[in-house]
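This briefing is meant for a reader who is new to the structure shown below. Please keep the sequence and the 3D view at hand while going through the points.

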Amino acid sequence: MLIDLHTHSDRSDGTESPAVLVRRAREHAVDVLGLTDHDTTEGWQEAAEAAEAYGVALVRGIEVSCTFRGAGVHLLAYLPDPTYTPLAEELQLILDGRNARLPATLDRLRGLGVDIDVDDVRRVSGETAAMGRPHVADALVERGVVADRNEAFATFLGPQGPAYVGRYAADLETMVGVVADAGGASVLAHPWARRHDHGALDESGLAGLQALGLAGVEVDHQDHSPLVRERLRALADRLGLLVTGSSDHHGAGKVGHELGCNTTAPDQLDRLLDVAARAAAASGRTAPGLLRA
Ligand code: AMP
Ligand code: ZN
Ligand code: FE
Ligand code: FE
């Protein structure tokens, strides 16, 4: 039983359409796939149709851009009702922030002697609803300015890079509550990735979020070393948070994130589905639920 709960399609910054992503999950023997595009549910419908056609079980989710005590944090929202107004409004604010940032990013690049315009980015970004730095990176690759997305982030777009521009993100504590009220279950994505210390997401930070409704943490992720995984798993056990593992697949957009490279244990998926079912019952909302193969 292969369960991969965090992947991206071209409706955000992956490179495969939702249907191709689901087909590739089938080819990689993934039994349960989570589609978690950044800040959008645009891919849900196509993925649901493909999941039925290819016999893959589907967990519909969103990777929501949040901030927690000044740091960016990604929250995986599984199976929320996307029509719940507070959720829909927050996602719209984030998407608006993404679009508003693009001209400012391009101005910075122009100041550095790299002249690309909005149309260049839109051409390479295809059907995305969540315009982001990866698409600017793709435009830079197309222009021959850099070799790949990694070089674009290292040279220009990373948080310390000369073309970095911030954007709106949701308040994490608020969003954990919103996801629960929308009938969903929330899991922190790669909480200890690329950090020298754990910042605000230490034991007391995680316990505080759990009190607000956080259900789990993503432990098995490519950005967590074996030691980080061991420590985070132990902490999750101590707190009673469920634990997931996933590829964070982005198609050709991220190397070393092939479908099924990390997986979630079946009993942890059961816990996740149980949390979502209880949240949906408590909120009285019609949440999407697991689409069975
Ligand atoms: P944005 O959401 O526009 O701020 O862009 C952040 C997204 O860019 C992350 O969620 C990743 O998917 C992607 N990303 C970050 N760093 C890199 C990198 N070095 N190479 C490729 N993609 C990256
Ligand atoms: Zn991404
Ligand atoms: Fe992420
Ligand atoms: Fe992701």
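This is a predicted model: local features need pLDDT of at least 70, side-chain atom pairs count only at pLDDT 80 or more; totals for chains, interfaces and linings use all residues.

Residues are numbered from 1 along each chain as its sequence is written, chains are lettered from A and ligands numbered from 1 in the order in which they are written, and side-chain values use heavy atoms, with hydrogens and water left out.

**Helix H3**
- Helices (DSSP runs of H or I, at least four residues) and strands (E, at least two) are numbered from the N terminus, and H3 has a kink of about 25 degrees at Leu102, shortly before Pro103; the bend is the angle between axes fitted to the seven residues ending at a residue and the seven starting there.
- Among the buried residues of H3 are Leu87, Ile94, Arg98 and Leu109, where buried means under 20% relative accessible area, exposed over 50% and partly exposed in between (1.4 Å probe, protein chains only).
- Just after H3, Gly113 takes a positive phi of about 85 degrees.

**The iron site**
- Glu63 (OE), His74 (ND1) and His190 (NE2) coordinate the iron ion (ligand 3) at 2.1 to 2.2 Å; donors are N, O and S atoms within 2.8 Å of the metal (3.2 Å for Na, K and Ca), and since water is not among the atoms, sites may look incomplete.
- His74 lies in strand S4 (residues 71–78) and His190 in the loop between strand S6 (185–188) and helix H8 (203–211), so the pair ties together parts that are 116 residues apart in sequence.
- His74 counts as partly exposed because its relative accessibility is 26%, whereas His190, at 11%, counts as buried.
- The zinc ion (ligand 2) is 5.8 Å from the iron ion (ligand 3).

**Strand S6 and its partners**
- S6 pairs with S4 in the antiparallel sense over four bridges, with Tyr78 opposite Ala185; strands pair if DSSP finds at least two bridges between them.
- S6 also pairs with strand S7 (residues 216–220), in the parallel sense over two bridges, and there Val187 stands opposite Gly216.
- Ala185 and Val187 point one way from S6 while Ser186 and Leu188 point the other way, and all are buried.
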